[in-house]
Amino acid sequence: MHILDLVQNSIEAGASTVRLEIIEDREKDTLTIRVADNGRGMDAETKRRVLDPFVTTRTTRRVGLGLPLIDMSTKRCGGHLLITSAVGQGTVVEAEYRHSHLDRPPLGNVVETVKAIIVANPELDFHYVHRVDGAVFTVSTRSIVSELGDMPLSHPDVILWLHEFLSYNLANLYGGVQHENN
Ligand SMILES: Nc1ncnc2c1ncn2[C@@H]1O[C@H](COP(=O)(O)OP(=O)(O)O)[C@@H](O)[C@H]1O
Ligand SMILES: [Mg+2]
């Protein structure tokens with residue numbers, strides 16, 4: 001849910017390019033989730049206030065909860081939330097957790113998360129990078145679309161294929177072994 005929240009923030013900020021990185025380093029005992037975009041960025045005032053749950057620039061609901069909730073969950077797990085942003089250039093949000101922390105939220109179903117982002121945003125230049133210790137899996141919407149030729153991303157067969165493709169590569173990334181907490 002946090003990952004979807006971050007990517008949604010990037011899209012709402014008008015980003016055309018979004019890069020999601022998930023980095024699991026069991027030696028350093030860290031899980032890092034980084035979302036980088038080329039959206040409108042935050043001014044200093046917004047950036048300063050953004051971890052206050054009563055701050056949002058949305059008009060539909062007066063409370064923004066995405067970033068404050070992620071901030072609290074990282075701190076509960078020996079980690080931190082870092083925001084780097086420049087107006088007109090983009091934003092990087094990095095959430096770090098202690099990987100083995102008992103309260104760390106599980107990564108959840110990354111296949112469904114990434115699949116949902118790709119299928120729901122066919123025009124977005126989305127990049128997904130997932131590192132587990134030494135191994136890396138990376139895919140982008142563009143690379144998938146170029147594989148597909150004329151088939152639209154929304155085609156049911158494509159969605160099924162994407163599911164298999166992501167599942168297979170993630171299983172490989174974990175060396176075929178599912179670790180606790182994942
Ligand atoms: N990637 C981003 N780029 C630009 N502004 C952002 C980004 N992420 C968050 N913000 C700003 O921070 C505010 C708070 O975000 P968030 O806590 O997720 O609440 P919400 O999305 O519900 O407003 C947003 O309304 C927006 O102004
Ligand atoms: Mg949000």
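**Sheet, core and helices**

Modeller: Strands β5 and β6 pair in the antiparallel sense, over six bridges. Please keep in mind throughout that this is a predicted model.

Colleague: Which residue of β6 stands opposite Arg 131?

Modeller: Arg 131 has Val 136 of β6 opposite.

Colleague: And how many residues lie between β5 and β6 in their hairpin?

Modeller: The hairpin of β5 and β6 has two residues between the strands. Asp 133, in the turn, has a positive phi of about 50°.

Colleague: What is the strand order in the sheet as a whole?

Modeller: The order is β3-β4-β2-β1-β5-β6, in an open sheet of six strands with mixed pairing. The edges are taken by β3 (80-86) and β6 (135-140). Each of these has a single partner strand, so one side of each is left without a neighbour in the sheet. From one strand to the next, the twist averages 10°.

Colleague: In which sense do β1 and β5 pair, parallel or antiparallel?

Modeller: β1 (residues 17-25) and β5 (residues 125-132) are paired in the parallel sense, with eight bridges. Within that pair, Leu 20 is opposite Tyr 128 of β5.

Colleague: Then how many bridges join β3 to β4?

Modeller: β3 and β4 run antiparallel and are joined by seven bridges. Leu 82 has Glu 94 as its bridge partner in β4, and Ala 86 stands opposite Gly 90 in β4. Three residues separate the two strands in their hairpin, where Gly 88 takes a positive phi near 80°.

Colleague: And on the β2 side, how many bridges join β2 to β4?

Modeller: There are eight bridges between β2 and β4, and these strands run antiparallel. Val 35 is found opposite Val 93 of β4.

Colleague: Take Val 18, then. Leaving aside neighbours within four places in sequence, what is Val 18 in contact with?

Modeller: With neighbours within four places in sequence left aside, Val 18 is in contact with Val 7, Ser 10, Val 35, Asp 37, Leu 124 and Phe 126. Val 7, Val 35 and Phe 126 were also named among the residues with the most contacts inside the core.

Colleague: A change of topic: at what angle do α4 and α6 pack?

Modeller: They pack at an angle of about 140°, and their axes are 10 Å apart. That makes α4 oblique to α6. The crossing of the two helices is right-handed.

Colleague: Which residues make the contact between α4 and α6?

Modeller: From α4, the contact uses Val 110, Val 111, Val 114, Lys 115, Ile 118 and Val 119. From α6, it uses Ile 159, Leu 162, His 163, Leu 166, Ser 167 and Leu 170.

Colleague: Why is Glu 112 classed as partly exposed?

Modeller: Glu 112 has 13 other C-beta atoms within 10 Å. A residue counts as exposed at 12 or fewer and as buried at 20 or more, so Glu 112 falls in between.

Colleague: Finally, which helix holds Gly 66, and what is Gly 66 in contact with beyond its neighbours within four places in sequence?

Modeller: Gly 66 lies in helix α3 (residues 66-76). Apart from neighbours within four places in sequence, Gly 66 is in contact with Asp 5 and Asn 9. Gly 66 is partly exposed, with 18 other C-beta atoms within 10 Å.

Technical notes:
Residues are numbered from 1 along each chain as its sequence is written. Chains are lettered from A and ligands numbered from 1 in the order in which they are written. This is a predicted model: local features need pLDDT of at least 70, side-chain atom pairs count only at pLDDT 80 or more; totals for chains, interfaces and linings use all residues. Helices (H or I, at least four residues) and strands (E, at least two) are DSSP runs, numbered from the N terminus. Two residues are in contact if their C-beta atoms, placed from the backbone, lie within 7 Å. Two strands pair if DSSP finds at least two bridges between them. Axes are lines fitted to C-alpha atoms, for helices over the stretch in contact, and angles run from 0 to 180 degrees between N-to-C directions. A nonpolar core is a set of buried Ala, Val, Leu, Ile, Met, Phe, Trp, Tyr and Cys residues joined through C-beta atoms within 7 Å. Angles under 35 degrees count as roughly parallel, over 145 as roughly antiparallel, 65 to 115 as roughly perpendicular and the rest as oblique. A crossing is left-handed if the near helix is turned anticlockwise from the far one by less than a right angle, and right-handed if clockwise.
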